[in-house]
Amino acid sequence: MALRVKGKKPGADFAVTDIDSRKELERALNALRRKAGKAGLLLERHVERIEGGLRVVGWRDPVFGCALRVGLSGAFSEILRDVAIRVCPIRRTEAEGMLQEIRAWPLLARTLEAARLEPVKVAEVLVRFSDLMIARADVAELVLDPVGFARGEVLVIAAAGTVLR
């Protein structure tokens, strides 16, 4: 097994090879942590091919409270205003309805089929995200973009948020 590490700075990429046991993996990770120092270390699972993607946004509205918005990943859903919005918390049937409400649903449905993924799995992620927004009153906004699909799994590729002080 090999562990490839990509750094944000030019020349910061390197690889750790010949990892044959859990002990060797722990040793390699400890070395990476020391090298990263205060900058920290983020490990991500490598996925060869990701189908499609969604943008999921949770925020605190001054009138309605916690809300959730979903659309295709990228700028098009925002520019075309092809999003579904609900006030949190949501249930699974509401989440499924959000997915089917966007105009891009036919494209999304084909994408999910290609990834061997039932829409209910994506709906469950939306419900959990809604629950997280309710539970974490200190989070002003949280964006998951993209949320991709691969081999029957829903994968959050990137997330960013704003925390209230």
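The model is predicted: local features need pLDDT of at least 70, side-chain atom pairs count only at pLDDT 80 or more, and totals for chains, interfaces and linings use all residues. Residues are numbered from 1 along each chain as its sequence is written, and side-chain values use heavy atoms, with hydrogens and water left out.

**Exercise 1.** Locate glutamate 141 and describe its surroundings.

*Solution.* Step 1: glutamate 141 belongs to strand E6, residues 139-150 (strands, marked E, are DSSP runs of at least two residues, numbered from the N terminus). Step 2: the relative accessibility of glutamate 141 is 33%, so this residue counts as partly exposed (buried is under 20% relative accessible area, exposed over 50%, partly exposed in between, with a 1.4 Å probe and protein chains only). Step 3: apart from neighbours within four places in sequence, glutamate 141 is in contact with Val57, Gly58, Trp59, Ala160, Gly161 and Thr162 (contact means heavy atoms within 4.5 Å).

**Exercise 2.** Determine which strands pair with E6.

*Solution.* Step 1: two strands pair if DSSP finds at least two bridges between them. Step 2: strand E3 (residues 51-61) pairs with E6 in the antiparallel sense over six bridges, and leucine 54 stands opposite valine 147 in E6. Step 3: strand E8 (residues 159-163) is antiparallel to E6 over five bridges; here leucine 142 stands opposite glycine 161 in E8. Step 4: strand E7 (residues 153-156) forms four bridges with E6, again antiparallel.

**Exercise 3.** Explain why E6 is described as largely enclosed.

*Solution.* Nine of the twelve residues of E6 are buried, and therefore the rest of the structure largely encloses this strand.
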